[in-house]
Amino acid sequence: MSLKQIVGQKLLKDVIQPLKKPGKAGSWNVLIVDRLSMRMLSACCKMHDILEEGITIVEDLAKSREPLPSLEGIYLLAPTQESIQRLIDDFSIRHQYKCAHVFFTEACPEGLFNMLCKSSASKFIKTCKEINIAFTPYESQVYTLDSPDTFFLYFNAMKQGGLTTNLERIAEQIATVCATLGEYPADDPSMGEGAEKARSQLIIIDRGFDAVTPLLHELTLQAMCYDLLGIENDVYRYETGGGESVDKEVLLDENDDLWVENRHKHIAVTKGLKKFSDTKMGMKADSKSIKDLSLMIKKMPQFQKELNKFSTHFHLAEECMKQYQQGVDKLCKVEQDLAMQVDAEGERVKDAMKLMVPLLIDPAVRQEDRLRLILLYILSKNGITDENLNKLLQHANIPAAEKQTITNAAFLGLNITTDSGRKKVWVPTRKERANEQVYQSSRWVPVIKDIVEDACDDKLDPKHFPFLSGKPASQAYRAPTSARYGQWHKERGQQASYRSGPRLILFIVGGVTYSEMRVAYEVSKDKKPWEVVIGKMARVKTRELRGKPKEALNKTLEEQKTELASLQVSKVTGGAASKLSKIRVVRKNIARVLTVINQTQKQELRKFYKGKKYLPTDIRYKKTRAMRRALTKHEASIKSAKQLAKTRKFVSRKFAVKA
C-alpha cells in the first residue's frame with residue numbers, strides 16, 4: 001500500500017467514518033479544512049469517496065461561509081494561531097454549525113489549546129483529537145514537509161536563532177511520517193512489526209552531501225516537464241492544434257497510469273509513445289512528429305478513447321523534445337562532462353574551460369544556466385580563487401550582483417573560493433556501474449543512490465553512519481503473540497494495512513531533486529522487499545514567480561503580507577515558537593515577489609526606451625558618480641577659441657640633439 005493510500009485510509013477511518021450517521025434525516029456533515037489540510041486531503045482522497053461517507057460539502061476555513069446551523073462541522077486543521085482563531089470566530093461571532101468535531105493534524109501547542117478551552121466556542125466542541133499526520137504525501141513514495149524556513153536557518157550560521165525550534169518541529173513531523181507508515185524508530189533497532197521490520201532505517205542527511213545533482217539538467221519526462229514547461233500545481237495547460245483550437249488543462253498525478261509509467265523514463269520515451277500506433281493500429285509510425293501521429297489517430301474513430309488518454313502525453317513529449325533541441329542538449333553534454341570529469345568516450349577532461357567558453361559567451365544561454373556551469377566548474381576544481389571567479393563572471397557577462405549566488409553555496413559546506421584555504425569536504429566513494437545502460441546525456445548517478453543501496457545491503461560507511469552501518473542483515477524482530485489466539489490484541493485487519501517488508505525513510509534537509517525521487521522508485525524495484533520513502537521541503541521559488549502576470553504577483557504579495565500580519569499578531573500575543581520562526585521566511589517571500597515585480601518593470605522599461613536618446617535615471621547604468629560625471633571623448637577633445645589661437649601662435653617645437 002502506497003503512502004498516499006495509507007494517509008487517505010487513515011483520514012477516512014479516523015476522521016470521517018466515525019462521525020457518519022446511519023439513516024437519512026440529519027445524516028450529513030460539513031468538512032472544514034485549512035490550507036495545509038486541504039493539500040493533504042486533495043492529494044490522498046477523491047471527492048466521491050468523501051461524499052460517500054456522509055460529507056455534503058467541503059469548505060475552506062479561510063473563506064467566508066454561509067451558516068449551516070442544522071449540520072455538524074468536522075474541522076481538519078493544523079494547530080496554528082490563525083486556524084484556531086477562525087475556529088473560535090465560527091462559534092463566538094455566529095453559530096456557524098450545530099457543533100464542532102475538531103481533528104488536529106499534529107500535537108496542539110499548550111498555549112493555543114488553552115486559548116481554545118477558554119473561548120466560548122469550547123462548549124460547542126464534541127470531539128477534539130490529534131491524528132498525527134503533519135506532512136503531505138506528494139507521491140506514492142514521496143512526502144513533503146511545509147518547512148521552507150529550514151533551508152535558511154540550517155545553512156546560514158548568521159541566522160540560526162530559531163534553528164533548534166525549527167529542527168524540533170521537523171523531528172515531530174518526521175515522527176508522524178514513521179507512525180503513519182507503522183515504523184517506530186527508537187533506541188531499539190526494530191521499527192514496526194514483521195520478520196523484516198528490524199532492518200527498517202531512518203536516514204536524515206543535508207543537501208551538502210551532493211551539490212552536483214541539483215545543478216544538472218535531468219532528462220526524464222517528469223523533470224523536464226516541471227523544469228522547462230512551467231507547470232504549476234501539477235496542472236499542465238496547453239492549446240490543442242488543428243482548426244478547432246481548444247485550451248486544455250490536465251492534472252499530472254498518479255491517477256494517470258500513463259504518467260506513472262513514463263515519468264521516470266528518459267526523454268527518449270517519446271519513441272515508446274509512438275509504438276502505440278504499432279500495437280493498437282497495426283501500422284508503422286512513420287510520422288515526422290508526434291503531432292502528425294496525433295492527427296493520424298484522429299482519422300480512426302475506433303481509437304478516440306485512446307486518443308484522449310495519449311494526446312496529453314504526445315504533447316508533453318513533443319514540447320520537451322523541442323526545448324531539448326533548442327540548446328538544452330549542448331548544455332547537458334558539458335554538464336555531464338564537468339560532473340563526471342570524463343567525456344562520453346571515457347577520456348578524462350583535461351581542459352574544462354574549453355568546454356564551457358562557447359556556452360558562457362552564447363547570448364542564447366540563459367543566465368541561470370551559465371551560473372550552473374560556473375558552479376559545476378568550481379566544484380570540479382574543489383574551489384577557485386576569488387580573482388578567477390571574477391574573471392569567469394565577467395567573461396560570462398554575468399552581473400557582479402549575481403556573484404553572491406555562487407559564493408553562498410559555501411554555506412552548504414563546499415569549497416567555492418580558496419583564498420583562505422580549503423575546507424575538508426566529505427566525498428563518498430562512488431560505485432562502479434559499468435554494466436548499467438545509460439544515455440550519454442544522463443551519465444551522472446545521484447550520490448543518494450549509492451547511500452540507499454549501501455543501506456539496504458548493510459554496507460554504510462561506519463564513520464559517517466555509525467548507528468546504521470554493519471547491522472546484521474539476518475536480525476529479525478517479531479512482536480509478542482499469543483499461542484492460542486495469535487494477534488488477539490490487534491484490531492481485525494490491522495496487519496493487512498502495513499507492509500511486512502523493511503522500509504528506508506529518507507529526509508534531505510535542503511530539498512530533493514526529481515532525479516533523487518526517481519532513485520527511490522528504482523531502488524525499491526531492484527532491492528525487493530525494501531521500500532524507499534523520500535521527503536522534501538516546500539518553498540516559494542523565484543523562477544516560478546517570473547512567468548506570472550502583474551495581477552498574479554500582486555495577489556501573491558497581498559497573501560504573503562496578510563500572513564505576515566497574522567504572524568506579527570501571534571508574536572505580540574505570545575504565539576508558538578514554530579509560528580514565530582516563520583516570520584523571517586514570509587518576509588523573504590515578500591522580498592522575492594517585490595524583486596520580481598521591480599525587475600519585470602525595469603525589463604519592460606528597457607524594451608520601451610531601447611534606441612531612444614534619453615533614458616529614465618532608474619534604468620541608466622549606475623557605475624560610479626565620477627564615471628557618470630566624466631566627459632565623453634568628444635567633449636574632452638573640444639578646445640575653446642582662445643586655446644586654438646594660443647596653439648597656432650605658440651606651436652610646440654621639436655628639437656633634435658646631434659650626437
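User: H13 and H14: roughly parallel or antiparallel to each other?
Analyst: Roughly antiparallel (angle over 145 degrees). The axes of H13 (residues 352-360) and H14 (residues 367-380) come within 10 Å and cross at roughly 170°. This is a predicted model, where local features need pLDDT of at least 70 and side-chain atom pairs pLDDT 80 or more, while totals for chains, interfaces and linings use all residues. Numbering starts from 1 along each chain as its sequence is written, and side-chain values use heavy atoms, without hydrogens or water.

User: Which residues meet there?
Analyst: From H13, Ala352, Met353, Met356, Leu359 and Leu360; from H14, Arg370, Leu373, Ile374 and Tyr377 (heavy atoms within 4.5 Å). By class, eight residues of this contact are nonpolar, none polar and one charged.

User: Switching to H2. Which residues are buried?
Analyst: Ser37, Met40, Leu41 and Cys44, within residues 35-44 (buried is under 20% relative accessible area, 1.4 Å probe). Down the axis of H2 these buried residues fall within an arc of 95°, so they line one face.

User: What covers them?
Analyst: The cover includes helices H1 (3-16) and H3 (47-52), plus strands S1 (29-33), S3 (72-77) and S6 (136-139). H2 also lies across S6 and S7, at about 40° to S6.

User: What order do the strands take in that open sheet?
Analyst: S6-S7-S12-S11-S8, five strands with mixed pairing (at least two DSSP bridges per pair). S6 and S8 (201-206) each have a single partner strand, so one side of each lacks a neighbour in the sheet.

User: How many bridges join S6 to S7?
Analyst: Three, and the two strands run antiparallel. Glu139 stands opposite Val142 in S7.

Key:
Buried means under 20% relative accessible area, exposed over 50%, partly exposed in between (1.4 Å probe, protein chains only). Helices (H or I, at least four residues) and strands (E, at least two) are DSSP runs, numbered from the N terminus. The arc is that of the directions from the helix axis to the C-beta atoms. Axes are lines fitted to C-alpha atoms, for helices over the stretch in contact, and angles run from 0 to 180 degrees between N-to-C directions. Angles under 35 degrees count as roughly parallel, over 145 as roughly antiparallel, 65 to 115 as roughly perpendicular and the rest as oblique. Ala, Val, Leu, Ile, Met, Phe, Trp, Tyr, Cys and Pro count as nonpolar, Asp, Glu, Lys and Arg as charged, and the others, Gly among them, as polar.
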